[in-house]
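Q: I am new to this structure. Please show me how to read its features, one at a time.

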Amino acid sequence: MRTSRRARASRDSQAGAAHVASPRSGDLIRVGIVTGAHGLRGALRMRSDNPDAGLLEEIGRVLIASPGENPNDYKILSAAALGRGVRLELEGVTDANQAESLRGAEVFVAKDDLPPAKANEFYHYQVIGCSVVLADGQRIGTIEEVFSTGANDVFVVRDGSREVLVPVIADVVKSIDVDARRVTIDAVPGLLD
């Protein structure tokens with residue numbers, strides 16, 4: 001099972017995961033947070049919720065919202081990996097003071113701007129809230145978060161106080177039906193212990 005690491009989403013922003021939506025709009029996916037200026041010409045440093053910086057250039061625009069403010073739309077001039085984050089150049093942000101004034105602001109993309117997921121891929125925000133069941137129909141819980149280990153993604157599945165970490169690999173995840181909001185897994189030995 002392959003996943004797209006594009007525009008991943010989760011309910012826990014403190015864990016470095018993306019919000020499913022901005023409080024102002026259900027049509028936005030958080031992709032990161034501005035951590036400051038990069039250089040003197042207005043480039044931004046962004047701590048990315050998503051390791052795929054190429055997605056931002058493909059989309060071509062972001063919306064940036066400081067706490068308590070409405071988001072502003074910016075055209076992306078360039079986006080490049082910068083350590084564990086992204087270096088962004090945006091139209092209209094031309095000096096370090098402008099860039100620094102955006103420190104702490106959240107960076108969003110519009111759902112409609114995302115390219116369609118390829119076969120056997122999905123956007124993380126699409127599986128948040130999906131029910132997880134075994135092949136025999138036994139319910140395990142609901143996906144509340146998705147994170148990446150580097151080798152594969154992991155679903156954080158919760159049912160009350162019970163938590164199960166489900167590796168998103170072909171031996172475990174048998175099907176993902178985003179429309180039906182259902183993920184079917186095979187409980188390999190030790191998974192549910």
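A: Start with burial: buried means under 20% relative accessible area, exposed over 50%, and partly exposed in between, with a 1.4 Å probe and protein chains only. This is a predicted model: local features need pLDDT of at least 70, side-chain atom pairs count only at pLDDT 80 or more, and totals for chains, interfaces and linings use all residues. Residues are numbered from 1 along each chain as its sequence is written, and side-chain values use heavy atoms, with hydrogens and water left out.

Q: Is phenylalanine 122 buried or exposed?
A: Phenylalanine 122 has a relative accessible area of 2%, so this residue is buried. Phenylalanine 155 is buried too, at 0%.

Q: How many aromatic pairs does the structure hold?
A: First the rule. Rings of Phe, Tyr and Trp (its six-membered ring) pair if their centres lie within 6.5 Å; planes under 30 degrees apart count as stacked, over 60 as edge-to-face and the rest as tilted. The structure holds two such pairs. In one, the rings of phenylalanine 122 and phenylalanine 155 have centres 6.0 Å apart and planes at 50 degrees, so the pair is tilted. The partners lie in distant parts of the chain, 33 residues apart: phenylalanine 122 is in the loop between β6 and α3 (124-127), and phenylalanine 155 is in strand β9. In the other, tyrosine 123 and tyrosine 125 have ring centres 5.9 Å apart and planes at 20 degrees, so this pair is stacked. Tyrosine 123 is buried at 3% relative accessibility, and tyrosine 125 is buried at 16%.

Q: What are the labels for strands and helices?
A: They are DSSP runs, numbered from the N terminus: helices are H or I with at least four residues, strands are E with at least two. Strand β9 covers residues 153-159 and holds valine 154.

Q: What does valine 154 touch?
A: Contact means heavy atoms within 4.5 Å. Leaving out residues up to four places away in sequence, valine 154 touches Glu145, Val146, Phe147, Thr149, Leu165, Val166, Pro167 and Val168. Valine 154 and valine 166 are 12 residues apart in sequence, yet 5.4 Å apart in space, C-alpha to C-alpha. Valine 154 is buried, at 8%.

Q: Which strands form the closed barrel?
A: Strands of a sheet pair through backbone hydrogen bonds, either parallel or antiparallel. Two strands pair if DSSP finds at least two bridges between them. Here six strands make a closed barrel in the order β1-β2-β5-β4-β3-β6, with antiparallel pairing. Five bridges join β1 (residues 28-38) to β6 (residues 106-110). Across that pairing, isoleucine 29 stands opposite valine 109 in β6.
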